Amino acid sequence: MNDAVRDDSLRLAQPADAHSQEEWEAATAAVLRKSGRLTSDDADSLVWDKLTRTSLDGLRIAPLGLPDTSFADVARPARPGPWDIRSLVSGLSGMDAKAANEAALVDLDGGVSSLWVAADETTDLAVLLDKVLLDLAPIVLDAPIGAVKVAQGLLALIAERGTGLHAATNLGADPMGALLRDLPLAPDEAFAELVDLARLAEGIGVRAIVVDATAAHDIGASDVQELGWSIAVGVAYLRALTEAGFSPAVAAALIEFRYAATDEQFPTIAKLRAARQLWSRVLELSGCEGVEMRIHAVSSRPMLSKYDPYVNMLRGTVAAFAAGVGGADAVTVLPFDSANGVPDGFGRRIARNVSHLLIDESHVAAVADPAGGSFAVEKLTADMAAAGWEAFIELEDEWEHGHDFSPFRDRVAAVAAQREKAIARRKRPITGLTEFPNLAETLPERPADPLNERAVRYGASFEALRDTPATGKVFLATIGTVAQHTARATFATNLLAAGGIGVEVAGATSDTEELAGKYRSAGAPPVVCLAGSDKTYAAWGADAIEALREAGATHVIIAGKPDAVDAEVDDAASMGVDALAFLTATREKLS
């Protein structure tokens with residue numbers, strides 16, 4: 001079926017409702033002119049530049065998609081019906097296997113359909129999987145160290161029970177992911193174990209390998225880097241298995257992929273679609289077309305915030321929606337309190353119910369590719385696939401004579417630094433941490449979770465500041481009426497709170513004498529932040545600063561640009577400031 005026929009068959013609008021690109025540009029430009037983002041002299045076509053944002057990979061994400069005949073149908077998800085709701089249970093060293101078992105049974109009773117089991121050589125699988133019907137609930141092992149021993153433990157368990165394993169069970173071998181996570185593993189031995197597990201899995205009719213791209217995501221990789229890593233690792237495993245005597249088709253059928261789903265909805269959808277396109281091309285070149293790619297998507301651990309953790313419910317919901325729409329076969333939503341430690345029962349219930357709400361209430365899974373036909377998603381998918389293939393080829397070249405991860409780590413570190421710079425300047429806001437922080441909140445108390453050590457959370461530097469609140473407070477020298485100072489006072493209060501710094505607010509003031517009196521009543525703290533309107537700054541801002549210095553202020557900050565007042569200031573707080581550097585410097589002055 002060609003594109004023209006497909007367009008005609010899907011066209012729902014009446015002729016009177018059909019509009020051209022130029023009409024859309026004119027209507028959009030009119031809105032942007034009202035907001036001041038375009039002038040009357042600007043061409044309407046500039047709306048594309050104004051509304052297009054650039055990803056960390058340099059990909060342009062347009063506000064609207066346009067038809068294109070080059071979009072690959074192979075990228076379209078084809079999952080029939082609901083996705084597999086998969087929960088994560090941990091039996092790692094130091095974790096209570098009995099408690100993990102209780103959590104798993106509650107999850108299964110609550111509608112979870114498979115278990116992702118983090119394990120190591122100390123894990124007591126008999127306890128952790130007690131009463132779990134292994135022939136009905138697929139088990140996906142995650143044992144970077146001791147993968148063979150853990151898998152053998154699972155097989156011993158089914159032998160003891162006299163039952164089998166569900167066909168979607170996966171023994172979870174991923175030596176390259178373990179090496180990227182800096183786990184103590186010998187590459188040659190690890191690849192030998194990979195082949196052993198593959199033979200074991202083939203003999204009992206289950207999968208053996210998980211290409212866990214979250215190993216790259218968790219250290220800061222971008223979407224394209226995550227894609228490139230996953231395809232390169234998948235190819236490395238295909239080579240290892242075919243060299244050991246497996247046919248390409250059998251080897252490919254033993255592999256499952258795991259990707260991170262973030263709260264960036266459209267990039268996540270496009271990433272999963274692009275992954276299918278790239279792996280389909282690999283299988284085509286390998287002569288094993290027709291083997292389906294199985295994708296497990298898990299909500300991003302780095303995007304979770306330890307502070308104001310309830311916002312993580314929203315992040316997880318967007319991630320799950322994007323994963324489902326992107327065609328993930330299995331979806332794990334990490335509980336909202338995961339960043340605080342081992343999640344409790346409430347966090348786990350909310351996590352699994354996110355998928356239930358999306359599937360059963362919102363009917364997101366009723367259509368295989370609900371984003372199809374938007375063209376914006378198709379364009380982003382195509383761009384991401386092209387960039388992902390280049391990233392894959394780059395890794396292929398680097399790994400031609402051995403698996404040296406150093407260049408890849410360096411590229412990831414550069415992207416992570418770029419992301420952190422944007423977070424530091426609050427251009428990538430994190431609600432509850434860098435924006436709208438609540439210094440009075442009480443965090444949920446949870447036991448430490450070793451799984452958190454796998455990831456570096458976005459905004460970790462801000463969390464470190466909040467972990468040790470400033471010993472003193474900043475005097476917020478609000479000048480003028482409440483209406484005159486509220487905007488900048490609120491901005492300054494939120495900015496300081498993001499660094500664990502509280503404020504003493506002067507309130508409405510009418511002159512320098514009243515302001516200085518309130519400053520002395522507050523104990524004359526060394527750091528002062530002036531907050532008012534441009535009009536009050538011009539009227540008596542300079543006099544206010546002079547009076548505050550005479551009263552004992554040693555470090556004066558202005559809420560706004562440094563030249564907002566005709567007087568010397570020590571620092572300024574305005575939109576776009578390097579908040580991390582500003583907060584660190586302010587805390588030093590308070591100590």
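Is Ala371 buried or exposed? In this predicted model, Ala371 is buried, because its relative accessible area is 9%, and a residue counts as buried when that value is under 20%. Ala371 is placed in the loop that joins α14 (345-361) to α15 (376-398). Leaving aside residues up to four places away in sequence, Ala371 touches Ile269, Val325, Val377 and Glu378. Pro80 stands 291 residues from Ala371 in sequence, and the two C-alpha atoms are 15 Å apart in space.

From this buried position, the reader may turn to the nonpolar interior. In soluble globular proteins, nonpolar side chains tend to be buried together. In this model, the largest nonpolar core has 167 residues. Val117, Leu129, Trp229, Tyr259, Trp279, Leu515 and Leu530 are the residues with the most contacts inside that core. Helix α10 (residues 223-243) supplies the largest share of the core, with 12 residues.

When residues up to four places away in sequence are not counted, Leu515 touches Phe475, Ala477, Thr478, Ile479, Ala506, Thr509, Leu530, Trp540, Ala544 and Leu548. Leu515 also takes part in the meeting of α19 with α20. The axes of α19 and helix α20 (residues 534-551) come within 9 Å of each other and cross at roughly 35 degrees, and the crossing is right-handed. On the α19 side, the contact involves Thr512, Leu515, Ala516, Tyr519 and Arg520, while α20 contributes Trp540, Asp543, Ala544, Ala547, Leu548 and Ala551. Sorted by class, this contact has eight nonpolar residues, one polar residue and two charged residues.

The loop between α19 (512-521) and β13 (527-531) contains Ala524, and Ala522 lies in the loop between α19 and β13 as well. Ala522 is partly exposed, because its relative accessible area is 30%. Among residues beyond four places away in sequence, Ala522 touches Phe475 and Glu504. The C-alpha atoms of Ala522 and Lys473 are 9.7 Å apart, although 49 residues separate the two in sequence. Ala524 counts as partly exposed, at 29% relative accessibility. The backbone of Ala524 has a positive phi of about 50 degrees, although this residue is not a glycine.

Lys131 also has a positive phi without being a glycine, with a value of about 70 degrees. Its place is the loop between α5 (125-128) and β5 (139-142). Lys131 counts as exposed, because its relative accessibility is 63% and the exposed class covers values over 50%.

Helix α6 (residues 147-161) packs with helix α8 (residues 187-204) at an angle of about 20 degrees, and their axes are 10 Å apart. The two helices are therefore roughly parallel to each other, since angles under 35 degrees fall in that class. The crossing of α6 past α8 is left-handed. Ala147, Val148, Ala151 and Leu155 of α6 make the contact with Glu193, Leu197, Leu200 and Ile204 of α8. By class, this contact has seven nonpolar residues, no polar residues and one charged residue.

Notes: Residues are numbered from 1 along each chain as its sequence is written. This is a predicted model: local features need pLDDT of at least 70, side-chain atom pairs count only at pLDDT 80 or more; totals for chains, interfaces and linings use all residues. Side-chain values use heavy atoms; hydrogens and water are left out. Axes are lines fitted to C-alpha atoms, for helices over the stretch in contact, and angles run from 0 to 180 degrees between N-to-C directions. Helices (H or I, at least four residues) and strands (E, at least two) are DSSP runs, numbered from the N terminus. Angles under 35 degrees count as roughly parallel, over 145 as roughly antiparallel, 65 to 115 as roughly perpendicular and the rest as oblique. A crossing is left-handed if the near helix is turned anticlockwise from the far one by less than a right angle, and right-handed if clockwise. Contact means heavy atoms within 4.5 Å. Ala, Val, Leu, Ile, Met, Phe, Trp, Tyr, Cys and Pro count as nonpolar, Asp, Glu, Lys and Arg as charged, and the others, Gly among them, as polar. A nonpolar core is a set of buried Ala, Val, Leu, Ile, Met, Phe, Trp, Tyr and Cys residues joined through side-chain atoms within 4.5 Å. Buried means under 20% relative accessible area, exposed over 50%, partly exposed in between (1.4 Å probe, protein chains only).
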